[in-house]
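The points are grouped by topic.

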Amino acid sequence: MLGFSLQSPVFLGKPSLDSPNDLIAHYEKVELLLDALKTAGIGSIEVRILPRGANEEAYRGLIQQIWDAGLKLTVHGHVAGEHPGTRFAEIYPSMSYILKNYHKYQAGLTMALHAFDAKSGSEEELHHHTVKLLHEWVAVIDSEQLPLKIGIENNRKKSSKVDPGDSIDGVQRIVNEVDSPYVGITWDMGHYYSNLMDERGLKSPPEVHMEDLPPAAFLERVYHTHIHGLGLTGTHNPLTQARSLPLEHYVGSLQRAGYQGVYNLELTMNKFDADRSLSEHVLASVQRLKEATP
């Protein structure tokens, strides 16, 4: 199944950032974007991001619209916040509407999640903090028998952050230590390619793709994906240019590993080149992804 991320301001009724409705590709309203995405082959929409302490009532309207349109839902979650409880709707209160209603529209739920990070401090402490939290969440998920899969996302390396999840090895270590069928990996292909570029001192994607791949043990634990191209403005660019990401190579590696999850586009539209309209970039990216996933 193909997926597409909608940024959280859209769920809060704020579809504009730098220009009118740029967060919904300059469509007049979000329903028109959803219709265009569904027509193009998208079957799932990701909430990007749903903080734990967010006002879940503010998200209900668009979440219900997504379901009513015949689309599935995934969630880009967040670890921050102190929300004790014995049920997942208590420890992640902004998920309460989704948890109450998802079974009417889909068999299970998938959540992408970053590890704890910080501007300073110990990567080892952040790693252990992440593992501890996941153990707590897994116990709750198991006690409720929730069909919820959490995918820990590999992040882009940033000099301004200490992040135990900014490498393939770091993510694998978290997942291995949690050791639960509820916890796997969100492979962010754009972050992975960005880190490869940084290792080689490249400022823009090379004409000939770098074909490095994560190890098989990583690919076999992938539960979700974030897919975006690289450009002069960094990550989360469209896939319009072939050089932006070795998409077909990455998709092939997942298919060989038996991946059955969503191939989810995660784009930031105010980063796009102006050579095409936002909607053209979006639909061209969806088309390329569709062709890569027969």
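The model discussed here is predicted. In it, the axes of helix H10 (residues 247–256) and helix H11 (residues 278–292) cross at roughly 40°, and H10 and H11 are therefore oblique to each other.

**Overall fold**

- The protein contains 11 helices and 10 strands.
- Its radius of gyration is 18 Å, close to the 19 Å that the globule rule gives for 294 residues, so the protein is as compact as a globular protein of that length.
- Along the principal axes, the C-alpha atoms fill a box of roughly 50 × 45 × 35 Å.
- Of the 294 residues, 55% are buried.
- Among contacts with a separation of 6 or more, 76% are between residues 24 or more positions apart.

**Helices H10 and H11**

- The axes of H10 and H11 come within 9 Å.
- The crossing of H10 past H11 is right-handed.
- On the H10 side, the contact is made by Leu247, Glu248, Val251 and Gln255, which meet Arg288, Leu289 and Ala292 in H11.
- Sorted by class, this contact of H10 with H11 has 4 nonpolar, 1 polar and 2 charged residues.

**Helices H8 and H10**

- Helix H8 (residues 189–199) and H10 have axes that come within 11 Å and cross at roughly 120°.
- H8 passes H10 in a crossing that is right-handed.
- Met189, Tyr192, Tyr193 and Leu196 in H8 meet Leu247, Tyr250 and Leu254 in H10.
- The contact of H8 with H10 comprises 7 nonpolar residues, with no polar and no charged ones.
- Leu247 of H10 meets residues in H8 and is also listed among the H10 residues that meet H11.

**Glutamine 172**

- Glutamine 172 is located in helix H7 (residues 168–178).
- With a relative accessible area of 13%, glutamine 172 is buried, since buried means under 20%.
- Leaving aside residues up to four places away in sequence, glutamine 172 touches Ile185, Pro215, Ala217 and Phe218.

Conventions:
Residues are numbered from 1 along each chain as its sequence is written. This is a predicted model: local features need pLDDT of at least 70, side-chain atom pairs count only at pLDDT 80 or more; totals for chains, interfaces and linings use all residues. Side-chain values use heavy atoms; hydrogens and water are left out. Axes are lines fitted to C-alpha atoms, for helices over the stretch in contact, and angles run from 0 to 180 degrees between N-to-C directions. Helices (H or I, at least four residues) and strands (E, at least two) are DSSP runs, numbered from the N terminus. Angles under 35 degrees count as roughly parallel, over 145 as roughly antiparallel, 65 to 115 as roughly perpendicular and the rest as oblique. A crossing is left-handed if the near helix is turned anticlockwise from the far one by less than a right angle, and right-handed if clockwise. Contact means heavy atoms within 4.5 Å. Ala, Val, Leu, Ile, Met, Phe, Trp, Tyr, Cys and Pro count as nonpolar, Asp, Glu, Lys and Arg as charged, and the others, Gly among them, as polar. The radius of gyration is taken over C-alpha atoms; the globule rule is 2.2 Å times the number of residues to the power 0.38. Buried means under 20% relative accessible area, exposed over 50%, partly exposed in between (1.4 Å probe, protein chains only).
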